[in-house]
Amino acid sequence: MKIYTKTGDKGTTALFGGTRVQKNNLRIESYGTVDELNSYIGLIKDQEISQEIKQSLLKIQHDLFTLGAMLATPPEKETLVNGNERLNIPKVDEKSILYLENEIDKMDAELPQMTHFILPGGHVAVSFCHVARCVCRRAERLSVALNEYEHLNSTILKYLNRLSDYLFVLARKLSKELSVKEIKWIPEKI
């Protein structure tokens, strides 16, 4: 199979089910941003961090591929003519969200209470977490906008919302593990 098909040379691409849309379609922007997020999570996973965190990030990467497939399937194409689901794979669901919440709670239990906003930075691994968090928030905003036009499975929005929280707490956990001092944002007084 060749990697290039030339079918997108005029600015269109196919969704699951065959519908062709412009490459700047909100659905494409949504799952393209999820793909970008997955790449940043790969960068975090490539850092010198614990195997436990790497395993958690690997699970999240798998979930994000599934979430991207869910986003790439328009509602009218979710069911095949024979009545079966087009995506014959386990979907991102409430268990996926619960996994993130449990991971957040475990990490948060080891961290000092937050009293201020925290400036991103201090270590490459921590900074990658913050970049991934921002990309996750963009994927969430795009998915919310898409949901205004075409109904999305509600777990997509919940998962992205919870994942951005996970990435924030992970940045704090890595700061602690890497002995990086968190820089509090304290606005200057006028």
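Modeller: Welcome! This is a predicted model, where local features need pLDDT of at least 70, side-chain atom pairs count only at pLDDT 80 or more, and totals for chains, interfaces and linings use all residues. Residues are numbered from 1 along each chain as its sequence is written, and side-chain values use heavy atoms, with hydrogens and water left out.

Colleague: Why is Asp63 called buried?

Modeller: Its relative accessible area is 10%. Buried means under 20%, exposed over 50%, and partly exposed in between (1.4 Å probe, protein chains only). Asp63 therefore counts as buried.

Colleague: What makes Lys106 and Glu52 a salt bridge?

Modeller: Their closest N and O atoms are 3.5 Å apart. A salt bridge needs a side-chain nitrogen of Lys or Arg within 4 Å of a carboxyl oxygen of Asp or Glu, so the pair qualifies. Lys106 lies in helix α3 and Glu52 in helix α2, so the pair ties together parts that are 54 residues apart in sequence. Helices here are DSSP runs (H or I, at least four residues), as are strands (E, at least two), numbered from the N terminus.

Colleague: How do you know that Glu52 is exposed?

Modeller: Glu52 has a relative accessible area of 53%, so it falls in the exposed class. Lys106, at 42%, counts as partly exposed.

Colleague: What makes Lys59 sit over the ring of Tyr99?

Modeller: The charged end of Lys59 is 4.8 Å from the ring centre. The rule asks for NZ of Lys or CZ of Arg within 6 Å of the ring centre and within 35 degrees of the ring normal. Lys59 is therefore listed as sitting over that ring.
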